[in-house]
Amino acid sequence: MALCSPVSLFSLLFAVLLLFSASSSAKHDSVSFSFHLRSLPLSAGKPLKTNPKLRSLSSASYNVKWPFKYSMALVVSLPIGTPPQHQQMVLDTGSQLSWIQCHNKTPPTASFDPSLSSSFYVIPCTHPLCKPRVPDFTLPTTCDQNRLCHYSYFYADGTYAEGNLVREKLTFSPSQTTPPLTLGCATESRDAGGILGMNLGRLSFPSQAKITKFSYCVPTRQSRSGNLPTGSFYLGNNPNSGRFRYVSMLTFSQSQRMPNLDPLAYTVPMQGIRIGGKRLNINPSVFRPDAGGSGQTMIDSGSEFTFLVDEAYDRVREEVVRVVGPRIKKGYVYGGVADMCFEGSERESIGRLIGDVVLEFEKGVEIVVPKERLLADVGGGVHCVGIGRSERLGAASNIIGNIHQQNLWVEFDLANHRVGFGEADCSRS
């Protein structure tokens, strides 16, 4: 589940117009598509109908690429149903359940209309999925007045989505579809779009669609105004992967489940942080889960900022204060989580003074955040270092957000239990 805050995914979506075009070609069992999209406030539901039969479909060999527009979230437009209705969904490696908007609020053309899809199926209360606790899927479910499976999904920032659990497929072409996938069909939601759950859970999109590899490339953004930059999202093999550097994912068995651990997250072996060439005095153990699960370091595309546990955050803040302390905007905390903020007029000089920030992993793998991209525009003429304190989220984890994944291919190789990184100009990838 994505860890949400005022600077994470559900308060991140802007109301912009959707521009969509698609082209496709298929050869044998592979498929390639391209979709242009922007983030758009979605609405949702007509009365849900249950199809009497659910067809069993075999999965194709996926080789799919989507461009996406990046504001503070990665938003893809996916072809849901038969015939397909394109739905905007936030690409979220921190969530399991995928859900779409199925209510009929404004704008009416944005939500999914189940009555138009021949492959739509509502899950009844008697289905095994409609239980209070299914292994590694703790979504609260109940039986509604129509004897259909009802879910409620609440997030840390107070936003929520609720509706019915359904099964539906993605239709790329008449001959290329996913198997029927379990999704949420939201009849009530405060959010602008749906979620594409991409974590390691058995009901995530990769698990259900039998996808063993996916990757994305987040472009840089210069400001919160103007045209949104375009990135790329691959399902299947990435032609750029030959130059990626990989780290092994940390995985956890059922016997290792701990109260503060998310066993379904993409957990990576982070080892340290450098700022301006100086390696900070942080014990590497704070980046790995302790006996209670605290300290886990995860890659989360659904979080905008990066968050660190106290011991790591304190060292980062001490170094920033040492270099540019008098220029920090006193008494200002953005979104309740980020307190290393500056007036916008000082953005370039602040970046030069602090220098590059480097996240260090095993095998010498690094994520380098250049000084030119160190500060994030948070509006009102204010720029903040894109790092917050995890404790203020109510979390005990280190979370690498999408702001520190810019101009970087991030590949999740599920078959080989590894994550790859490769520097790129993501606006051209």
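**Entry 1. Disulfides**

I began with the term itself: a disulfide here is a pair of cysteine sulfur atoms within 2.5 Å. In general, a disulfide is a covalent bond between the sulfur atoms of two cysteines. The model is predicted, so I note that local features need pLDDT of at least 70, that side-chain atom pairs count only at pLDDT 80 or more, and that totals for chains, interfaces and linings use all residues. Residues are numbered from 1 along each chain as its sequence is written, and side-chain values use heavy atoms, with hydrogens and water left out.

How many disulfides does the structure hold? I found five. With the bonded cysteines of the protein chain numbered in sequence order, the pairing reads 1-6, 2-4, 3-5, 7-10, 8-9. I looked up three of these links in detail.

**Entry 2. Cysteine 125 and cysteine 143**

The sulfur atoms of cysteine 125 and cysteine 143 are joined at 1.9 Å. This link is right-handed, with 100 degrees about the S-S bond. It connects distant parts of the chain, 18 residues apart: cysteine 125 lies in the loop between β7 (121-122) and β8 (141-143), and cysteine 143 lies in strand β8. Strands (E, at least two residues) and helices (H or I, at least four) are DSSP runs numbered from the N terminus.

I then checked accessibility, where buried means under 20% relative accessible area, exposed over 50%, and partly exposed in between (1.4 Å probe, protein chains only). Cysteine 125 is buried at 11%, whereas cysteine 143 is partly exposed at 35%.

**Entry 3. Cysteine 217 and cysteine 426**

I recorded 1.9 Å between the sulfur atoms of cysteine 217 and cysteine 426. The torsion about their S-S bond is about -75 degrees, so this disulfide is left-handed. Cysteine 217 is in strand β15 and cysteine 426 in the segment after β30 (418-423), so the pair ties together parts 209 residues apart in sequence. Cysteine 217 is buried at 0% relative accessible area, and cysteine 426 is buried at 1%.

**Entry 4. Cysteine 341 and cysteine 384**

Here the sulfur atoms are 2.0 Å apart. The torsion of about 105 degrees about the S-S bond makes the link of cysteine 341 and cysteine 384 right-handed. Cysteine 341 sits in strand β22 (residues 341-343) and cysteine 384 in strand β26 (residues 382-385), 43 residues apart. Both cysteine 341 and cysteine 384 are buried.

**Entry 5. Proline 219**

I located proline 219 in the loop between β15 (213-217) and β16 (230-235). Is proline 219 buried or exposed? At 1% relative accessibility, it counts as buried. Its contacts (heavy atoms within 4.5 Å) include Phe68, Tyr70, Gly231 and Cys426, not counting residues up to four places away in sequence. The C-alpha atoms of proline 219 and glycine 231 are 5.3 Å apart, although twelve residues separate them along the chain.

**Entry 6. Annotated active site**

The unreviewed UniProt entry annotates Asp92 and Asp300 as "active site". These two are spread over 209 residues of sequence, yet they cluster in space, with a largest C-alpha distance of 6.8 Å. UniProt positions are given in the numbering used here, feature names are shortened, and annotations may be inferred rather than shown by experiment.

Aspartate 92 is in strand β5 (residues 85-92), and aspartate 300 is in the loop between β20 (297-299) and β21 (306-308). Aspartate 92 is buried at 0% relative accessible area, and aspartate 300 is buried at 0%. Which backbone nitrogen does the side chain of aspartate 92 reach? I found that of glycine 94, at 2.8 Å. The backbone nitrogen of glycine 94 also lies 3.5 Å from a polar atom of the aspartate 300 side chain.

Note on methods: Polar contact = N/O pair within 3.5 Å; in protein donor to acceptor, adjacent residues only side chain to side chain.
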